[in-house]
Amino acid sequence: MDQEINQRIVGATPAGARDRESSARAIREMFTSIAPRYDLLNHVLSFNIDRLWWWRTARRFDAILKRPEARVLDLCCGTGDMAFALRRRASSATPQILGADFSHAMLQRAAAKTEKGSGSTLRWIEADALRLPFPDGYFNLVTSAFGFRNLADYDAGLREIARVLAPGGECGILDFGEPGGLLGQCYRVYFKKVLPAVGTVISGVRGPYAYLPASVERFPSPDEMIGRMRQAGFRETTWTPYTFGIAGLYRGVKESA
Ligand SMILES: C[S@@+](CC[C@H](N)C(=O)[O-])C[C@H]1O[C@@H](n2cnc3c(N)ncnc32)[C@H](O)[C@@H]1O
């Protein structure tokens with residue numbers, strides 16, 4: 001694999017962003033604006049395949065989730081579906097599972113879903129993925145589903161994940177990809193034309209659903225992302241495509257000291 005790193009890619013650049021701070025602010029405002037319709041849109045626009053992707057990601061980390069002492073963080077948790085999938089696969093001895101996000105509106109929805117459903121050991125915390133309020137080496141597993149791509153600085157995000165992971169701890173980043181071939185061409189029409197139009201109508205907000213394909217296009221390729229993970233201190237790095245590469249899971253193990 002060619003693991004050359006494109007130094008120009010730093011992080012997400014939503015419209016109007018000038019630097020890391022203004023980018024993070026724009027991202028937070030954008031997700032806050034679509035929070036009321038986020039779940040509905042997710043399921044409609046992905047034809048419910050998102051559920052399969054969360055499930056596959058959680059299943060990949062079964063070995064950690066079955067450990068009663070495990071500490072798990074789901075970063076950029078949004079309305080909580082990745083964390084719920086982790087919870088469902090975890091042992092009944094209940095490892096600690098925390099969901100963190102910097103949009104209060106998204107977390108409110110996650111909390112409301114928790115009360116209705118599991119009544120479990122899930123906890124939600126308002127925090128910026130680039131400045132996590134946890135000590136070094138605290139977690140055994142950190143996941144992020146469709147959130148990492150929105151960080152204002154990808155390398156800083158990877159370093160922060162590595163910091164809060166214990167040596168030997170694992171990281172799983174699930175995000176969109178760009179499938180190739182004929183399927184890729186058809187998918188791009190859907191992703192760039194249909195999805196932004198439907199997303200704008202259902203959410204009632206112009207902007208976020210045009211940003212989505214642009215952010216995927218800008219995101220590092222799997223080879224590059226793996227190179228960046230290695231640079232941040234991960235080994236055994238892999239990328240597993242889901243559904244012909246429409247999405248995929250990056251996995252890495254934090255190097256022992
Ligand atoms: C596309 S949503 C994904 C939500 C959820 N993980 C899922 O799979 O549906 C992205 C989430 O990342 C959050 N986010 C983006 N940048 C963040 C940051 N720097 N710190 C914390 N959360 C962030 C947004 O607020 C939003 O809730």
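Buried here means under 20% relative accessible area, exposed means over 50%, and partly exposed is whatever falls in between (1.4 Å probe, protein chains only). The model is a predicted one, in which local features need pLDDT of at least 70 and side-chain atom pairs count only at pLDDT 80 or more, while totals for chains, interfaces and linings use all residues. Residues are numbered from 1 along each chain as its sequence is written, and side-chain values use heavy atoms, with hydrogens and water left out.

The sheet makes a handy starting point. Helices (H or I, at least four residues) and strands (E, at least two) are DSSP runs, numbered from the N terminus. Two strands pair if DSSP finds at least two bridges between them. With that in hand, seven strands form an open sheet, in the order β3-β2-β1-β4-β5-β7-β6, with mixed pairing. Its edge strands are β3 (122–126) and β6 (234–242), each of which pairs on one side only. On average, and ignoring direction, neighbouring strands of this sheet are turned by 15° against each other; axes are lines fitted to C-alpha atoms, for helices over the stretch in contact, and angles run from 0 to 180 degrees between N-to-C directions.

Going through the pairings, β2 (residues 96–101) and β3 run parallel and are joined by five bridges, with G99 standing opposite W124 in β3. Strand β1 (residues 71–75) is parallel to β4, and four bridges join the two; here D74 stands opposite T143 in β4. On to β5 (residues 165–176): six bridges join this strand to β4, again in parallel, and F139 has L165 in β5 as its bridge partner. The chain gets from β4 to β5 by way of α7, and this β-α-β crossover is right-handed, meaning that, with the strands pointing away from the viewer, the path from the first strand over the helix to the second runs clockwise. As for cover, seven of the seven residues of β4 are buried.

The pairing of β6 with β7 is antiparallel, with seven bridges. W239 has Y250 in β7 as its bridge partner. The hairpin of these two strands has four residues between them, and T243 takes a positive phi near 50° there.

Helix α3 touches β4, β5, β6 and β7 (247–254), and its direction makes about 150° with that of β6. Helix α5 (residues 81–89) lies across β1, β2, β3 and β4, running at about 155° to β3. In helix α2 (residues 38–45), the buried residues are Y38, L41, N42, H43 and L45. Just after α2, F47 takes a positive phi of about 55°. I226 belongs to helix α10 (residues 222–231) and is buried too, at 1% relative accessibility.

A pair of aromatic rings is described by the distance of the centres and the angle of the planes. Rings of Phe, Tyr and Trp (its six-membered ring) pair if their centres lie within 6.5 Å; planes under 30 degrees apart count as stacked, over 60 as edge-to-face and the rest as tilted. A search of the whole structure turns up 15 aromatic pairs. One of them is W53 with F146, whose ring centres are 6.0 Å apart and whose planes meet at 45°, so this pair is tilted. Distant parts of the chain are linked by this pair: W53 is in helix α3 (residues 49–60) and F146 in the loop between β4 (139–145) and α7 (154–164), 93 residues apart. W53 is buried at a relative accessible area of 3%, and F146 counts as buried at 11%.

Another pair, F134 and Y138, is stacked, with 6.4 Å centre to centre and 10° between the planes. F134 is buried at 10% relative accessibility, whereas Y138 at 22% is partly exposed. Y138 also has the charged end of R71 over its ring, 3.9 Å from the ring centre; a charge sits over a ring if NZ of Lys or CZ of Arg is within 6 Å of the ring centre and within 35 degrees of the ring normal. R28 does likewise with F102, at 5.2 Å from the centre of the ring. Finally, F47, W53, F146, F176, Y187, Y190 and F191 form one aromatic cluster.

Terms used. Contact means heavy atoms within 4.5 Å.
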